[in-house]
Amino acid sequence: MAARTYNIATLCLPRDMCKAEKNEMATKLGFYRSRRVAMITSKNGKFSVRSSAGGTPRSVETINGKVNGVRVGEGTLFGNKNSTDLIKDSDIDAPAHSSLHGSFVEGRFVYRQTFVIRSYEIGPDKTATMETLMNLLQETALNHVTSSGLAGNGFGATREMSIRKLIWVVTRIFIQVQRYSSWGDVVEIDTWVDAAGKNGMRRDWIIRDYKTQEIITRATSTWVIMNRETRRLSKIPEQVRQEVLPFYLNRVAVATEKNDSEKIDRLTDGTAGRIRSGLAPRWSDMDANQHVNNVKYIGWILESVPINVLGDYDLTSMTLEYRRECRQSNLLESMTSATASLAEDSNCKNNSINRRPDLEYTHLLRMQADKAEIVRARTEWHLKQKHKLH
């Protein structure tokens with residue numbers, strides 16, 4: 001039997017929280033849904049945390065008064081005055097890497113991962129932003145490839161793609177938000193892939209509230225292959241197709257009638273209502289494929305949206321149609337035009353998915369120098385509930 005190894009971390013606490021004793025006192029903590037435990041020992045005002053590498057703990061996230069999204073009372077960490085008391089653990093196992101990389105469900109067709117919404121991922125209203133959601137979708141997709149055993153040495157590329165110097169690039173993505181999570185909430189994301197025509201791949205996601213299992217976001221995207229050196233699009237090689245084919249799942253996250261598949265009109269200087277110039281990508285905006293990360297475009301697109309819209313309305317759907325790459329040396333222009341201002345249809349159900357938007361905008365992000373298009377976008381907005389009460 002292999003020897004058990006331990007990872008040890010030391011946490012220093014004020015002396016009034018613990019008394020130094022000759023003998024160590026140990027507190028056994030049950031980690032969320034895990035049979036394995038971590039040992040916390042106290043000596044000379046320090047706590048040492050030992051976790052078994054051979055166990056299968058599911059990490060505990062404590063944010064904004066919540067543990068894994070569930071609000072808890074104070075004092076649960078150290079228990080009562082007798083610190084040797086045990087906190088009983090759950091009898092449900094979870095994979096050792098589940099808190100970091102997620103796991104496969106439904107026979108390895110669906111990849112599932114959970115995330116805590118952190119303080120630096122929220123906006124002024126203390127809820128997650130559209131950029132946060134897009135980043136979580138991207139992270140889940142990359143971990144899906146890695147956990148599948150297909151990952152090569154590229155950013156989300158398979159082994160056969162890496163041999164041929166190929167990478168995936170997104171051409172279109174549509175995301176529909178029912179409700180934004182708050183700081184400290186836990187979300188559960190499912191993702192899967194399917195074919196999109198002869199030379200594309202479709203990737204879908206759904207985001208649930210971990211506690212209630214309510215689906216709060218749906219998204220779908222189309223990806224194609226590009227040569228990372230020539231930057232030209234490529235057909236999917238048969239070897240790559242055979243790699244990904246076993247993971248294809250004929251299922252859609254967004255119903256056809258609700259998917260925004262219509263072409264996005266191009267804005268011009270004459271049709272744009274607002275233009276914001278001089279937007280400069282930073283080095284930190286670049287990704288491992290040597291171009292600006294596609295999520296960064298969202299912030300620049302919103303730069304030309306009226307400030308009162310950003311404050312008073314929720315961004316409930318966004319369609320991005322990517323036209324070309326952007327690099328750090330490029331200065332950009334963000335353009336926005338209102339395409340609709342709609343009153344709420346009283347006959348529709350009162351939620352952001354089934355009722356008509358209050359506002360709709362068309363956007364264009366382009367190069368400032370030669371006016372070359374980078375991404376077209378369309379957004380829908382609903383008045384925030386707090387404003388409807390006034």
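Which residues lie nearest the centre of the second largest pocket? They are Trp168, Val169, Val170, Trp223 and Val224. This is a predicted model, where local features need pLDDT of at least 70, side-chain atom pairs count only at pLDDT 80 or more, and totals for chains, interfaces and linings use all residues. Residues are numbered from 1 along each chain as its sequence is written, and side-chain values use heavy atoms, with hydrogens and water left out. The chain has seven helices and 19 strands. Helices (H or I, at least four residues) and strands (E, at least two) are DSSP runs, numbered from the N terminus.

**The chain overall**

- Of the 390 residues of the chain, 46% count as buried. Buried means under 20% relative accessible area, exposed means over 50%, and partly exposed lies in between (1.4 Å probe, protein chains only).
- The accessible surface of the chain is about 20,800 Å². Carbon and sulfur atoms hold 50% of that surface. Areas come from the Shrake-Rupley method with a 1.4 Å probe, and for residues only the protein chains shown count as cover.
- Take the contacts between residues at least 6 apart in sequence: 71% of them join residues at least 24 apart. Contact means heavy atoms within 4.5 Å.

**Empty space: how it is found**

- Rolling a probe the size of a water molecule over the atoms shows where empty space is left.
- The search uses a 1 Å grid over the protein atoms alone. A cavity is a set of points where a 1.4 Å probe fits but cannot get out. A pocket is an open set with protein on both sides within 12 Å along at least five of seven lines. Lining residues have an atom within 4 Å of a point.
- Grid points are joined across faces, edges and corners, and a volume is the space filled by probe spheres set on the points.

**The second largest pocket**

- This pocket holds about 710 Å³ of space, and 34 residues line it.
- Helix 2, strand 10, strand 12 (201-209) and strand 13 (215-227) each give two or more residues to the lining. Helix 2 gives the most, with six residues.
- By class, the pocket lining has 19 nonpolar, nine polar and six charged residues. Ala, Val, Leu, Ile, Met, Phe, Trp, Tyr, Cys and Pro count as nonpolar, Asp, Glu, Lys and Arg as charged, and the others, Gly among them, as polar.

**The cavities**

- The whole structure has two cavities of 30 Å³ or more.
- Met134, Leu137, Gln138, Val170, Ile173, Trp205, Trp223, Asn294 and Val295 line the largest cavity.
- Helix 2 (130-148) and strand 10 (166-177) each supply at least two residues of this lining. The largest share, three residues, comes from helix 2.
- Seven of the lining residues are nonpolar and two are polar, with no charged residues.

**Nonpolar cores**

- The largest nonpolar core has 63 residues. Ile175, Tyr297, Leu320 and Trp381 have the most contacts inside it.
- Another core lies apart from the largest one. This other core has eight residues, among them Phe174, Trp192, Ile206 and Leu249.
- A nonpolar core is a set of buried Ala, Val, Leu, Ile, Met, Phe, Trp, Tyr and Cys residues joined through side-chain atoms within 4.5 Å.
- Beyond its neighbours within four places in sequence, Ile175 is in contact with residues including Met130, Leu133, Met134 and Leu137.

**Ala377**

- Ala377 sits in strand 19. Ala377 is buried, because its relative accessible area is 0%.
- Leaving out residues up to four places away in sequence, Ala377 touches Ile264, Ile301, Thr319, Leu320, Tyr361, Thr362 and His363.
- Ala377 and Tyr297 are 80 residues apart in sequence, and 9.9 Å apart from C-alpha to C-alpha.

**The loop between strand 15 and helix 5**

- Asn293 lies in the loop between strand 15 (274-279) and helix 5 (296-302), and Ala288 lies in the loop between strand 15 and helix 5 as well.
- Asn293 is buried, with a relative accessible area of 9%. Ala288 counts as exposed, at 52% relative accessibility.
- Not counting residues up to four places away in sequence, Asn293 touches Gln138, Asp285 and Asp287.

**Positive phi**

- Arg108 is not a glycine, yet has a positive phi of about 70 degrees. Arg108 lies in the loop between strand 8 (103-105) and strand 9 (110-116).
- Lys371 is not a glycine, yet has a positive phi of about 65 degrees. Lys371 is in the loop between strand 18 (359-367) and strand 19 (373-383).
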